[in-house]
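Please read them with the structure open beside you.

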Amino acid sequence: MIVRCIEKSRDSVASILRVERDAFTETLQSRWSVPYHMRHGRVYGLFVDEVLKGFTIFLRSWDDPCIAYLVQIAVQKDYQGNGGGTFLLQESLMSLIKEGITSVTLTVDPRNARALHIYMEKMGFQIADYRHDEYGEGTDRYYLKLDLRGWGGPENVP
Ligand SMILES: CC(C)(COP(=O)(O)OP(=O)(O)OC[C@H]1O[C@@H](n2cnc3c(N)ncnc32)[C@H](O)[C@@H]1OP(=O)(O)O)[C@@H](O)C(=O)NCCC(=O)NCCS
């Protein structure tokens, strides 16, 4: 398994859309959105034998360019539970640190126990807010934050 930043190409956009369609019931990305994330944000891919199995997408905050927002993380269904999501997020965060990012934020469904386990217990994200109706009536989200200053990866989360 390796993680690397993905640049825009016809194949890379198609691969992201393939994994996203597989991992989510309600999709967010399209052939319009993936290219601008690749050109203006950061998109990292989890590759196994050069085949894309997962991805992360990050935006940089307008108010504070040292803060990045995790737009999305996904691992293809048949590859979930192999440690890929953890490795992908860890490597993505390490790469962001090298680019001067000092904290990462995200929103997550309070019922998404697997994602919460990775974010909070493994990576050390903390709940910064509870956002009612964040994505429409009845669609609440936790807003999580991770301080990357001095962050040493999952092994060092208390
Ligand atoms: C969330 C996601 C990226 C995780 O990827 P993954 O490759 O399955 O993750 P990993 O194998 O690295 O780790 C899974 C961890 O969750 C744990 N886990 C699995 N099911 C769980 C559950 N129901 N409750 C709590 N923890 C759970 C596993 O035990 C493992 O932790 P461990 O290593 O401490 O044992 C992937 O499942 C996915 O794409 N899900 C659909 C999209 C999604 O929900 N994205 C997040 C939106 S905010």
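1. Is Glu-50 buried or exposed? This is a predicted model, in which local features need pLDDT of at least 70 and side-chain atom pairs count only at pLDDT 80 or more, while totals for chains, interfaces and linings use all residues. Residues are numbered from 1 along each chain as its sequence is written. Glu-50 is exposed, because 6 other C-beta atoms lie within 10 Å; a residue counts as buried if 20 or more other C-beta atoms lie within 10 Å of its own, as exposed if 12 or fewer, and as partly exposed in between, with C-beta atoms placed from the backbone.

2. Glu-50 sits in the loop between β2 (42–48) and β3 (51–60), and it has a positive phi of about 70 degrees although it is not a glycine. Strands (E, at least two residues) and helices (H or I, at least four) are DSSP runs numbered from the N terminus. Most residues other than glycine have a negative phi.

3. Asp-133, in the loop between β6 (126–131) and β7 (141–147), also has a positive phi, near 55 degrees. Asp-133 is exposed, since 10 other C-beta atoms lie within 10 Å.

4. Ile-73, by contrast, lies in strand β4 and is buried, with 22 other C-beta atoms within 10 Å. Leaving aside residues up to four places away in sequence, Ile-73 touches Thr-56, Gly-85, Leu-88 and Leu-89, where contact means that the C-beta atoms, placed from the backbone, lie within 7 Å.

5. The axes of helix α3 (residues 84–98) and helix α4 (residues 113–123) come within 11 Å and cross at roughly 60 degrees, the axes being lines fitted to C-alpha atoms over the stretch in contact, with angles running from 0 to 180 degrees between N-to-C directions. The two helices are therefore oblique to each other, as angles under 35 degrees count as roughly parallel, over 145 as roughly antiparallel, 65 to 115 as roughly perpendicular and the rest as oblique. In this contact Gly-85, Thr-86 and Leu-89 of α3 meet Ile-118, Lys-122 and Met-123 of α4.

6. Around the ligand there are 19 residues, of which Gln-80, Gly-85, Thr-86, Ala-113 and His-117 come nearest; a residue is near if its C-beta atom, placed from the backbone, lies within 6 Å. Two or more residues of this shell come from each of β4 (67–75), α3 and α4, and the largest share, 5 residues, is from α4.

Terms used. Contact = placed C-beta atoms within 7 Å.
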